[in-house]
Amino acid sequence: MTDHILIQRPETAPHVQVIRFNRPEKKNAITRVMYQTMTDALQAANEDPDIRVTAFLGTEGCFSAGNDMGDFLAFAMGGSMGREVLDFLGALATAKKPIVSGVDGLAIGIGTTIHMHCDLTVASDRSLFKTPFVDLALVPEAASSLLAPRLMGHQRAFALLALGEGLSAADAKDAGLIWKVTTPDALEAETLSLATRLAAKPPEALRIARNLIRGSTADVLARIDEEATLFAAQLKSAEARAAFEAFMKR
């Protein structure tokens, strides 16, 4: 387990597991090892009756800047998204317990799309949600091409995923991507308070209610696979190579 992902059980939040990005020097960019650690934590929560809710948190001023560029270029050389990424997306989409998240600052790429799988998200008023997939000659991931239009309608989803337009916290709340906006100082406490309130509810009733609200995951998993196939094809394209070269020269 890497200390770039901290798996915590706060004393003040009974029955809550926290998955915390802890690589602030790299803006919490996610490596293969970090993905695997998060997958393991989500799968462990599924089987542990003492864990009733999982909460994702980042560090001050940054949730996550998305994929680590070194690992991402290694994926590109192999022509795939990487097994660790796909395992994480599958674990996220099929998590049996409620997931909440707290965002302070940057939420880029998977740092944005992860919240489409969360049941409740709180963001500080200085947060920015942005997905520069097409700018890198790639395509959306994490079933965001399915989930974003459901959440916010075609035009806002297109602006986010294709145009690469960023959403402020207020815009994200208005679009239905997040539930609440708060201050940076209150962000973590608000997030853990939500998680604790959920964890205190009758777990079987909460499980049934969540499953009814979310519906079947079959279409979500199918879209994750479809996006991954198209993502892999784009990685091999000339326009993607040109986009990566331009990015590395910045």
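**View 1. Overall fold of the chain.** The predicted chain contains eleven helices and ten strands. Its radius of gyration is 17 Å, close to the 18 Å that the globule rule gives for 250 residues, so the chain is as compact as a globular protein of that length. The C-alpha trace spans about 55 × 35 × 35 Å along the principal axes.

**View 2. Burial and contacts within the chain.** Of the 250 residues in the chain, 51% are buried. When contacts between residues at least 6 apart in sequence are considered, 73% of them join residues at least 24 apart.

**View 3. Packing geometry of helices α5 and α6.** Helix α5 covers residues 144–152 and helix α6 covers residues 154–163. The two axes lie 7 Å apart, and the helices pack at an angle of about 135 degrees. Angles over 145 degrees would count as roughly antiparallel and those from 65 to 115 as roughly perpendicular; α5 and α6 are therefore oblique to each other. The crossing of α5 and α6 is right-handed.

**View 4. Residues in the contact between α5 and α6.** On the α5 side, the contact is made by Ser 144, Ser 145, Ala 148, Pro 149 and Met 152. These residues meet His 154, Arg 156, Ala 157, Leu 160 and Leu 161 of α6. By residue class, the contact of α5 with α6 comprises six nonpolar, three polar and one charged.

Terms used
Residues are numbered from 1 along each chain as its sequence is written. This is a predicted model: local features need pLDDT of at least 70, side-chain atom pairs count only at pLDDT 80 or more; totals for chains, interfaces and linings use all residues. Side-chain values use heavy atoms; hydrogens and water are left out. Axes are lines fitted to C-alpha atoms, for helices over the stretch in contact, and angles run from 0 to 180 degrees between N-to-C directions. Helices (H or I, at least four residues) and strands (E, at least two) are DSSP runs, numbered from the N terminus. Angles under 35 degrees count as roughly parallel, over 145 as roughly antiparallel, 65 to 115 as roughly perpendicular and the rest as oblique. A crossing is left-handed if the near helix is turned anticlockwise from the far one by less than a right angle, and right-handed if clockwise. Contact means heavy atoms within 4.5 Å. Ala, Val, Leu, Ile, Met, Phe, Trp, Tyr, Cys and Pro count as nonpolar, Asp, Glu, Lys and Arg as charged, and the others, Gly among them, as polar. The radius of gyration is taken over C-alpha atoms; the globule rule is 2.2 Å times the number of residues to the power 0.38. Buried means under 20% relative accessible area, exposed over 50%, partly exposed in between (1.4 Å probe, protein chains only).
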